[in-house]
Amino acid sequence: MNHLLNITTSTLASTYRFWRGTVASKAIEQPEQTLILFDQEGDSKCRLVREVLTELNLNVIIAPCPTGGENLAKLKSAFNGITPPVLVDSNSPDVVKGAEEIIHHLFLQYRGSKPPKACLGQLSSTLTSKLATGIRLGAGVKARSSRQPSLPLVLYSFESSPFSRPVRERLCELELTYILINLGKQQFSDMGPAKLHWSLKPYKPLPNTKRDEFFKQHGNVQVPYLMDPNTGIDMFESKDILWYLEETYG
Ligand SMILES: N[C@@H](CCC(=O)N[C@@H](CS)C(=O)NCC(=O)O)C(=O)O
């Protein structure tokens, strides 16, 4: 797909979801054992879980389960035909199945409260999330043949980021496991594109946050950012990352 069209429909998908998965809490603690989410990027229920992960500012290991892929087959045979989302939380220890149950678990375990109704899979959320899947024309749903690396990749992203979604879709289709570092926006001046943060002063993230750490390393905050320990590359720019993934693993 032409890259401009790709980003335009990705922006529309975020708009259908009212830009949920943009703003993150200011909490900085991460679970001792990183959460693992069996996820399908294009699935409407999985999207609701990923939005909450951004909003709670939690990192997660994504085990992509595209239709027709090995991960989905393994998941189904391990859990009696269950489909994503499934969360493995070794801190509880718990395997949590289904979007609503996972969202409840995340709020209770990591915020000590019940989730607000807006986070749950009500009819309106389900419909708008299905619309978001529809406008992406099935991207991030079906498995394609791929070469599998030995180590997980690392992606900096946040759920509604129009530039990051196509990268997450490609990672899903190629069934590439990755560590997702969510860099949701924590203050007004985090808003806007990377080169035009909404701030009159030079941009600065909140101190002692993941954004701050990223800023100290790179001199700005911009997602998507991919690190591949298998080849030693790290890179910005969605178009270049998509090309890299295709060339290396597609
Ligand atoms: N040309 C870049 C644009 C990336 C970009 O502007 N990303 C936005 C998020 S969609 C961003 O990093 N905004 C700044 C921020 O979140 O602090 C690409 O294609 O990857």
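Predicted model: local features only at pLDDT ≥ 70, side-chain atom pairs only at ≥ 80, totals over all residues.
**First stop: the ligand.** Select the ligand together with the residues around it, and you will find that 17 residues surround it, the closest being His 197, Arg 211, Val 223, Glu 237 and Ser 238. Now show the side chain of Ser 238, where a polar atom lies 2.6 Å from an oxygen atom of the ligand. Moving on to Lys 185, look for an N or O atom of its side chain, which is 2.8 Å from an oxygen atom of the ligand. How much of the ligand's accessible area does the protein cover? Of the 510 Å² that the ligand has on its own, the protein covers 90%.

**Second stop: the sheet.** Switch to a cartoon view and follow the open sheet of 8 strands, whose order is β4-β3-β1-β2-β6-β5-β7-β8 and whose pairing is mixed. Select residues 94-97 and then 233-235, and you have β4 and β8, which stand at the edges; each has a single partner strand, so one side of each is left without a neighbour in the sheet. From one strand to the next, the twist averages 20°. Helix α4, at residues 99-111, packs on this sheet and touches β1, β3 and β4, while its direction makes about 25° with that of β3.

Select residues 153-157 and 225-228, the strands β5 and β7, which run antiparallel and are joined by 3 bridges. Within this pair, Val 154 stands opposite Met 227, and Leu 155 stands opposite Leu 226. Leu 226 also stands opposite Met 235 in β8, for β7 and β8 pair in the antiparallel sense over 3 bridges. The hairpin that these two strands form has 4 residues between the strands, and in it Gly 232 takes a positive phi near 85°.

**Last stop: Asn 71.** Select Asn 71, which lies in helix α3, residues 70-78. Is this residue buried or exposed? Asn 71 has a relative accessible area of 17%, and because the limit for buried is under 20%, it is buried. Leaving aside residues up to four places away in sequence, Asn 71 touches Ala 63, Pro 64, Cys 65 and Glu 175.

Methods. Residues numbered from 1 in each chain as written. Heavy atoms only, no water. Pairing = 2+ DSSP bridges. Axes fitted to C-alpha atoms, helices over the stretch in contact; angles between N-to-C directions. Contact = heavy atoms within 4.5 Å. Buried < 20%, exposed > 50% of the residue type's maximum accessible area, 1.4 Å probe, protein only. Near = heavy atom within 4 Å. Polar contact = N/O pair within 3.5 Å; in protein donor to acceptor, adjacent residues only side chain to side chain. Areas by Shrake-Rupley, 256 points an atom, 1.4 Å probe, with all protein chains shown as cover.
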